[in-house]
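Please look over the structure shown below. A short report on its contacts follows, starting with the interface.

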There are 2 protein chains.
Amino acid sequence: MIRLAPFALAAACAAISLPAAAQFAKPEDAIKYRQSALFVMGQHFSRVGAMANGRIPYDAAAASANAEIVAEMARLPWTAFGAGTEGGKGKPEVWKETAKFKEHQDKMVAETGKLVVAAKAGTIDALKAQFGATASSCKACHDSFRNQ
Amino acid sequence: MIRLAPFALAAACAAISLPAAAQFAKPEDAIKYRQSALFVMGQHFSRVGAMANGRIPYDAAAASANAEIVAEMARLPWTAFGAGTEGGKGKPEVWKETAKFKEHQDKMVAETGKLVVAAKAGTIDALKAQFGATASSCKACHDSFRNQ
């Protein structure tokens with residue numbers, strides 16, 4: 001049997017749990033948080049998409065402003081998928097295939113960063129191409145990790 | 001009777017509605033958006049508060065990171081209180097006393113900006129003082145404009 005002094009055990013637990021669940025008072029808060037962040041992101045992403053797809057007139061300044069919010073929001077949801085927060089629209093795979101899930105997060109965050117660059121380029125063609133690439137990164141993760 | 005050419009009328013309507021409701025496909029999206037943005041902000045603000053109030057250890061880097069997200073989120077909810085989006089927790093006064101509501105928004109956004117500065121100052125005392133001032137700006141608006 002391995003014995004640990006209480007303070008060492010407490011420190012170890014803190015180190016393990018801090019990045020995720022410990023930031024939320026209860027699992028429901030984590031679920032609501034990640035859904036909220038993704039909803040806000042989705043609203044701004046759909047405004048970029050409306051321009052990219054020609055449903056509303058292209059406006060370079062609005063495209064940049066929305067893309068920047070998308071990229072900011074894209075960083076947020078992931079700490080809220082910690083152990084003990086199963087549920088919402090997340091498939092069990094979120095908590096089983098954590099390395100693959102992390103790859104999808106990183107890919108999406110990277111694509112939203114490129115979306116900001118593309119939006120700032122100031123042409124509809126640049127925006128269109130990167131909107132498609134970003135949307136694909138959303139879809140790839142949803143296909144594997146989100147219940148429809 | 002004043003007659004307007006159709007294109008002029010369309011342009012006028014767009015100019016009036018764009019900053020608010022026109023950004024959302026339906027009023028329910030606007031309500032969900034503002035509640036989502038405020039919930040995400042509240043989660044990060046509560047982490048700053050937990051340090052300011054001594055419930056968790058002070059961590060300058062975490063305080064700054066959370067304060068920055070608070071300030072980013074603080075800019076977002078207001079376009080989602082446009083005409084036709086009455087409901088949620090908003091009192092009717094939101095849509096009647098628009099100048100006063102705007103003053104409260106501006107005050108809160110300014111206080112969250114000061115919160116970032118205070119968090120970056122790197123002392124618990126600076127954080128405590130500005131956490132209190134920021135929380136007061138939240139409460140002042142809630143007292144007048146939010147159903148409990």
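## Interface between the chains

This is a predicted model. Where chain A meets chain B, 17 residues of chain A and 17 residues of chain B take part. Three residues lead on one side: A:Tyr33, A:Phe39 and A:Arg47 supply 35% of the area that chain A buries against chain B, more than any other three residues. Interface size is often expressed as the accessible area lost when the parts come together. Here chain A and chain B bury about 1,500 Å² between them. Carbon and sulfur atoms hold 65% of that area.

What kind of pairing crosses the interface of chain A and chain B, salt bridges or polar contact? The rule finds 0 salt bridges there. It does find 4 residue pairs in polar contact, both residues at pLDDT 80 or more. On chain A, helix H2 (27-52) and helix H3 (60-74) each supply at least two residues of the side that touches chain B. H2(A) gives the most, with 10 residues. By class, that side of chain A has 8 nonpolar, 4 polar and 5 charged residues.

## Fold of chain A

Chain A has 6 helices and 0 strands. Its pattern along the sequence reads α-α-α-α-α-α. Of its 148 residues, 39% are buried. The accessible surface of chain A comes to about 8,000 Å². Carbon and sulfur atoms make up 63% of that surface.

How much of the contact set in chain A links residues 24 or more positions apart? Among contacts with a separation of 6 or more, such pairs account for 73%.

## Salt bridges within the chains

Side chains of opposite charge can pair when their charged atoms come close. Over all chains, the rule counts 16 salt bridges. One of them joins A:Lys26 to A:Asp29, with the closest N and O atoms 3.4 Å apart. A:Lys26 counts as partly exposed because its relative accessibility is 41%. A:Asp29, at 12%, counts as buried.

A second pair is A:Glu111 and A:Lys114, whose closest N and O atoms are 3.8 Å apart. Where do these two sit relative to each other in helix H5 (residues 98-121) of chain A? They are 3 residues apart in that helix, so about one helical turn separates them. A:Glu111 is buried, with a relative accessible area of 5%. A:Lys114 is partly exposed, at 44%.

B:Lys100 forms a salt bridge with B:Glu97, and the closest N and O atoms are 3.9 Å apart. B:Lys100 is partly exposed at 36% relative accessibility. B:Glu97 is partly exposed too, with a relative accessible area of 32%. Back in chain A, salt bridges with shared partners join A:Lys107, A:Glu111 and A:Lys114 into one network.

B:Arg146 lies in the segment after helix H6 (124-145) of chain B. Is this residue, B:Arg146, buried or partly exposed? Its relative accessibility is 28%, so B:Arg146 counts as partly exposed.

Which residues does B:Arg146 touch, leaving out those up to four places away in sequence? The contacts are with B:Lys89, B:Lys91 and B:Cys141. B:Gly88 is 58 residues from B:Arg146 along the chain. The C-alpha atoms of B:Gly88 and B:Arg146 are separated by 9.1 Å.

Definitions and conventions: Residues numbered from 1 in each chain as written. Chains lettered and ligands numbered in written order. Predicted model: local features only at pLDDT ≥ 70, side-chain atom pairs only at ≥ 80, totals over all residues. Heavy atoms only, no water. Helix = DSSP H or I, 4+ residues; strand = E, 2+ residues; numbered from the N terminus. Buried < 20%, exposed > 50% of the residue type's maximum accessible area, 1.4 Å probe, protein only. Contact = heavy atoms within 4.5 Å. Areas by Shrake-Rupley, 256 points an atom, 1.4 Å probe, with all protein chains shown as cover. Buried area = accessible area lost by both parts, 1.4 Å probe. Salt bridge = Lys/Arg side-chain N within 4 Å of Asp/Glu carboxyl O. Polar contact = N/O pair within 3.5 Å; in protein donor to acceptor, adjacent residues only side chain to side chain. Nonpolar A, V, L, I, M, F, W, Y, C, P; charged D, E, K, R; others polar.
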